[in-house]
Amino acid sequence: TGGNRFDHANLQQIPEHLHKVIEAPEGYEIVYSDYSGLELRMAVAYVGEPTMSELMIKGEDMHTETAKYIFGVEIPTVEERTTAKVFNFSLVYGSGIKTVKETLKTRNNIDMSFEETKDKINSWFDLYHYFREWHNMHKRQMNIYGYVDITTALERKVRAYKLTDSLNFPIQGSSVEVTKVSLGLLHSRYPDAYLIDTIHDSNILLAKTEEAEMWGDRLTECM
């Protein structure tokens with residue numbers, strides 16, 4: 001996908017329970033900025049999914065609105081919204097019933113039967129039907145040619161030989177490009193910026209305490 005890689009400590013996948021032990025040295029602050037829901041927004045733009053796009057434009061809570069539909073309720077429970085969130089971030093990339101079911105169980109302690117998971121997934125694709133059409137198009141191309149040629153937002157050409165890769169690369173690859181463009185802008189406008197990490201759709205700087213607000217504004221300007 002063109003994402004950043006680390007040779008030693010993987011600073012992009014630090015467990016959440018260890019985040020609190022990472023602190024700036026005395027006299028400095030960690031400055032953080034990210035793109036809100038970048039990958040889902042990229043997926044909507046890439047595929048042209050109208051229902052999800054409308055929800056985003058209206059500023060609706062995507063996971064709540066998804067839960068309302070797939071569970072047929074007016075006010076989803078926390079568990080129902082969490083399930084919808086897993087669906088939103090899994091089904092776009094072609095995750096199957098078994099994978100979604102396991103993700104719900106292992107990461108969220110939600111035990112859903114195979115049949116119920118299948119039924120809710122079908123409801124998700126009924127709601128966001130452009131994704132179903134996009135997946136089917138890639139399946140047809142994969143069956144006929146054995147690969148799918150895709151193009152990212154910055155027109156990188158990639159040939160995918162697996163269905164999940166053909167769905168993953170254009171979305172995650174394009175999202176990575178957006179983040180890298182922001183880093184390019186940051187470096188060209190403010191070459192003295194002290195970048196300490198970039199994680200998925202976020203950039204993180206180290207700044208002197210008295211300059212932290214200024215660098216926060218500059219970072220946001222470039223993203």
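## Tour of charged and aromatic contacts

A search of the whole structure finds 8 salt bridges, each a side-chain nitrogen of Lys or Arg within 4 Å of a carboxyl oxygen of Asp or Glu. The model is predicted, so local features need pLDDT of at least 70, side-chain atom pairs count only at pLDDT 80 or more, and totals for chains, interfaces and linings use all residues. Residues are numbered from 1 along each chain as its sequence is written, and side-chain values use heavy atoms, with hydrogens and water left out.

**Stop 1: Arg81 and Asp61.** Select both side chains. They meet in a salt bridge, 3.1 Å from N to O. Arg81 lies in helix 4 (residues 78-91) and Asp61 in the loop between helix 2 (50-58) and helix 3 (62-71), so the pair ties together parts that are 20 residues apart in sequence. Helices (H or I, at least four residues) and strands (E, at least two) are DSSP runs, numbered from the N terminus. Arg81 is partly exposed at 29% relative accessibility. Asp61 is partly exposed too, at 34%. Buried means under 20% relative accessible area, exposed over 50%, partly exposed in between (1.4 Å probe, protein chains only).

**Stop 2: Arg159.** Select Asp149 with Arg159. Their salt bridge has its closest N and O atoms 2.7 Å apart. Arg159 sits in strand 3 (residues 157-160) and Asp149 in strand 2 (residues 148-151), 10 residues apart. For a charge over a ring, NZ of Lys or CZ of Arg must be within 6 Å of the ring centre and within 35 degrees of the ring normal.

**Stop 3: Trp124 and Phe125.** Turn to the rings. The count comes to 7 aromatic pairs. Rings of Phe, Tyr and Trp (its six-membered ring) pair if their centres lie within 6.5 Å; planes under 30 degrees apart are stacked, over 60 edge-to-face, the rest tilted. Trp124 and Phe125 are edge-to-face, 4.9 Å centre to centre with 85° between the planes. Trp124 is buried at 0% relative accessibility; Phe125 is buried at 11%.

**Stop 4: Trp215.** Select Tyr190 and Trp215. Their ring centres are 6.0 Å apart and their planes at 80°, so the pair is edge-to-face. Tyr190 is in the loop between helix 8 (163-189) and strand 4 (195-199), while Trp215 is in helix 9 (residues 212-221), 25 residues apart. Both are buried. Finish with Arg218, which lies over the face of Trp215 at 4.7 Å from the ring centre.
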